Amino acid sequence: MTVLLRPVADADLIAVGALHHRSRAAAYAGLLPPETFEARGPEAMSAWWVERWKWERESHLMTVAEVDGELAGFTYVGPSETDRAAELYAIHLEPHRVGSGVGRELMINALAQLAALDAERAVLWVLADNPVARRFYERGGWTPDGATRVAPINDRPFSQLRYTHPL
């Protein structure tokens with residue numbers, strides 16, 4: 001399997017939103033009821049990314065992963081509100097690509113991008129009740145730093161843990 005990593009193009013954003021929807025629905029299946037994702041479907045996520053990218057394209061980086069010419073995943077990195085840090089805001093994969101190595105390649109690439117943002121460390125937020133994601137990040141060298149927050153996913157509050165990685 002050959003994975004191509006490249007910067008996002010405007011034409012990718014609709015597909016990125018649809019992939020983001022599928023990824024969240026699969027990753028959070030045991031945490032959120034299915035109707036939560038039906039209320040904000042792939043069209044809504046696509047529109048959200050198209051709009052967000054308009055405002056953040058100068059300060060953030062989005063990388064897409066392709067396998068055999070098809071979108072397999074993406075990352076989103078940029079400045080952080082955390083002092084002296086850059087942030088990995090998103091890493092999402094097509095559900096059938098989880099465990100295939102695509103996520104690992106995206107994470108390695110994201111860490112290089114984060115290091116180029118002139119920060120001392122990288123941070124990300126992960127759901128406290130998502131052991132699969134937490135193990136993925138821990139295998140990649142990320143560690144929880146003790147910070148917590150409650151943030152909404154589709155208007156439902158969830159506890160999150162901050163993870164950090166030296167740059």
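Predicted model: local features only at pLDDT ≥ 70, side-chain atom pairs only at ≥ 80, totals over all residues.

Student: What makes E1 and strand E2 a pair?

Tutor: Two strands pair if at least two bridges are found between them. E1 and strand E2 (residues 61-67) have five bridges, in the antiparallel sense, so they qualify as a pair.

Student: Which sheet do these strands belong to, and in what order do its strands lie?

Tutor: Seven strands form an open sheet with mixed pairing, in the order E1-E2-E3-E4-E5-E7-E6.

Student: Why are strand E1 and strand E6 called edge strands?

Tutor: Strand E1 (3-7) and strand E6 (143-153) each pair on one side only. On average, neighbouring strands of this sheet are turned by 25° against each other, direction ignored.

Student: How do you know that E6 and E7 pair?

Tutor: At least two bridges are required, and E6 and E7 have eight, in the antiparallel sense; therefore they count as paired. One of the bridges joins Pro-152 to Pro-157 in E7. The two strands form a hairpin with two residues between them, and Asn-154 in the turn has a positive phi of about 50°.

Student: Why is Gln-160 called buried?

Tutor: Gln-160 lies in strand E7. Buried means under 20% relative accessible area, and Gln-160 has 9% relative accessibility, so the residue counts as buried. Leaving aside neighbours within four places in sequence, its contacts include Trp-125, Val-126, Thr-148 and Arg-149.

Student: What makes the link between the side chains of Gln-160 and Arg-149 a polar contact?

Tutor: The cut-off for a pair of N or O atoms is 3.5 Å. The side chains of Gln-160 and Arg-149 are joined at 2.6 Å, which lies within that cut-off, and therefore the term polar contact applies.

Student: Which helices lie on the sheet, and which strands do they meet?

Tutor: Helix H1 (residues 13-27) packs on the sheet and touches E2, E3, strand E4 (85-93) and E6, its direction making about 90° with that of E3. Helix H4 (residues 102-115) lies across E1, E2, E3, E4, strand E5 (121-127) and strand E7 (156-166), and runs at about 160° to E4.

Student: How do you know whether Gly-17 is buried or exposed?

Tutor: Gly-17 is found in helix H1. Its relative accessible area is 0%, and the limit for buried is under 20%, so Gly-17 is buried. Leaving aside neighbours within four places in sequence, Gly-17 is in contact with Pro-42, Met-45, Ser-46 and Trp-49.

Student: How many aromatic pairs does the structure hold, and why is the pair of Trp-49 and Phe-74 called edge-to-face?

Tutor: The structure holds seven aromatic pairs. For Trp-49 and Phe-74, the ring centres are 5.6 Å apart and the planes stand at 80°. Centres within 6.5 Å make a pair, and planes over 60 degrees apart count as edge-to-face; therefore this pair is edge-to-face.

Student: What does that pair tie together?

Tutor: Trp-49 lies in helix H3 (residues 42-56) and Phe-74 in strand E3 (residues 70-79), so the pair ties together parts that are 25 residues apart in sequence. Both Trp-49 and Phe-74 are buried. Together with Trp-48, Trp-53, Tyr-76 and Tyr-89, they form one aromatic cluster.

Student: What makes Arg-52 a residue that lies over the face of Tyr-89?

Tutor: Arg-52 is at 5.8 Å from the ring centre of Tyr-89, and the distance limit is 6 Å.

Methods: Residues numbered from 1 in each chain as written. Heavy atoms only, no water. Phe/Tyr/Trp six-rings, centres within 6.5 Å; stacked < 30°, edge-to-face > 60°. Helix = DSSP H or I, 4+ residues; strand = E, 2+ residues; numbered from the N terminus. Buried < 20%, exposed > 50% of the residue type's maximum accessible area, 1.4 Å probe, protein only. Lys NZ or Arg CZ within 6 Å of the ring centre and 35° of its normal. Axes fitted to C-alpha atoms, helices over the stretch in contact; angles between N-to-C directions. Contact = heavy atoms within 4.5 Å. Polar contact = N/O pair within 3.5 Å; in protein donor to acceptor, adjacent residues only side chain to side chain.
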